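Keep the selection tool at hand, and we will go from stop to stop.

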Amino acid sequence: MIKVLITRKIPQRGIQLLEEAGYKLTIYTEKRSLPQKELIELCKNNDALLSAGSNKLNAHFFEECSHLKAVALMSVGYDNVDIEAATSYKIPVSNTPDVLSNATSDVAFLLMLAVSRNAFQMHKRIERGGWSFFEPTANLGIELKGKTLGVFGLGRIGVELAKKAKAAYDMNVIYHNRNRNTEAEEILDAKYVSFDQLLSESDVLSVHANLSNETKNLFNGSAFEKMKRSALFINTARGGLHNEADLINAIQDKTIWGAGLDVTNPEPMDKDNPLLNLPNVCVLPHIGSATEETRDKMAVMAADNLIAALSNKVMPQIINREVYSSNH
Ligand code: 8YV
């Protein structure tokens with residue numbers, strides 16, 4: 001009987017598919033993250049892995065678990081996985097793209113609105129009994145209508161956000177990518193700009209790129225310096241793309257207006273983090289894909305990929321397609 005390890009309780013539809021396929025499932029349900037040593041031990045008793053969350057699957061992991069027949073990630077991002085190492089052991093790895101683009105772009109949109117009107121700090125103030133009298137010049141936010149949305153990484157999620165921003169607020173879209181996205185340029189009437197132009201021209205700068213050696217820490221003090229003083233910085237991708245200490249300084253010094261983060265580095269964020277007490281800042285606990293509908297689709301997609309691999313078929317959302325080529 002094929003044995004599958006699942007690193008977290010996932011939506012039932014995913015579990016059901018794997019059970020119907022006849023696999024024996026081990027589901028890690030403890031309320032703490034799974035240390036790599038334990039993960040390796042558990043994998044040793046299993047044939048395949050469904051990894052939900054950011055388990056570190058590095059070269060050491062694949063060296064120890066080279067027997068695995070497949071790894072299905074329940075996430076679109078795979079910065080936590082050494083794909084080259086997996087490929088060297090011919091282990092196919094899949095992710096869950098597209099199905100979470102709507103939900104994640106919703107969170108970017110939510111952060112844009114929340115930060116532009118300082119909604120979360122206002123809520124906290126009422127809780128403290130601070131709603132006292134009306135002041136026409138207090139509590140003023142910034143409007144999004146007709147402003148420029150700069151997207152760093154105009155891929156699936158960035159395009160969804162840009163569509164919403166255009167439809168709701170007639171925002172003008174500019175973007176910077178490694179490669180131009182000409183199809184999106186046409187749909188969105190988006191303008192490709194240099195990284196420096198993206199920084200200097202955006203009213204809202206939203207990050208949707210992968211975390212890699214090239215993008216790590218890219219949004220740092222010198223980047224914030226180049227942004228408008230009225231700009232909003234939004235990150236729903238990975239916390240490692242921005243430098244947190246520099247972001248705190250930039251908001252404290254009013255170098256930029258504010259920030260909305262669904263991702264931090266590290267995660268979870270400490271409750272005493274100074275960002276939580278700054279005006280015009282909203283931090284969410286990495287809930288981009290956290291809707292009933294999307295998590296269901298992610299679980300089903302991850303299960304379908306695993307079933308394909310374990311039936312000697314190509315995983316539909318394969319990341320390292322090279323594992324199937326004969327010269328590998
Ligand atoms: C997940 C994500 O919630 O897909 C991603 O890359 O960041 C989120 O959708 C997270 O990775 C846990 O699986």
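Select Asp98 to begin: this residue is partly exposed, with 13 other C-beta atoms within 10 Å. Here, a residue counts as buried if 20 or more other C-beta atoms lie within 10 Å of its own, exposed if 12 or fewer, and partly exposed in between, with C-beta atoms placed from the backbone. What you are viewing is a predicted model, in which local features need pLDDT of at least 70, side-chain atom pairs count only at pLDDT 80 or more, and totals for chains, interfaces and linings use all residues. To find your way, count residues from 1 along each chain as its sequence is written.

Now look at the backbone of Asp98: its phi is positive, about 70°, although Asp98 is not a glycine. Most residues other than glycine have a negative phi, and most peptide bonds are trans. Asp98 sits in the loop between β5 (93–94) and α5 (101–116). Helices (H or I, at least four residues) and strands (E, at least two) are DSSP runs, numbered from the N terminus.

Next, select Asn312, in the segment after α12 (292–310). Is Asn312 buried or exposed? Asn312 is exposed, with 7 other C-beta atoms within 10 Å. Its phi is also positive, near 60°, and Asn312 is a residue other than glycine.

For the last stop, go to the loop between β11 (258–261) and β12 (281–283), where you will find Pro266. The peptide bond from Asn265 to Pro266 is cis, with omega near 5°. Pro268 is also in the loop between β11 and β12, and the bond leading from Glu267 to Pro268 is cis, with omega near -5°.
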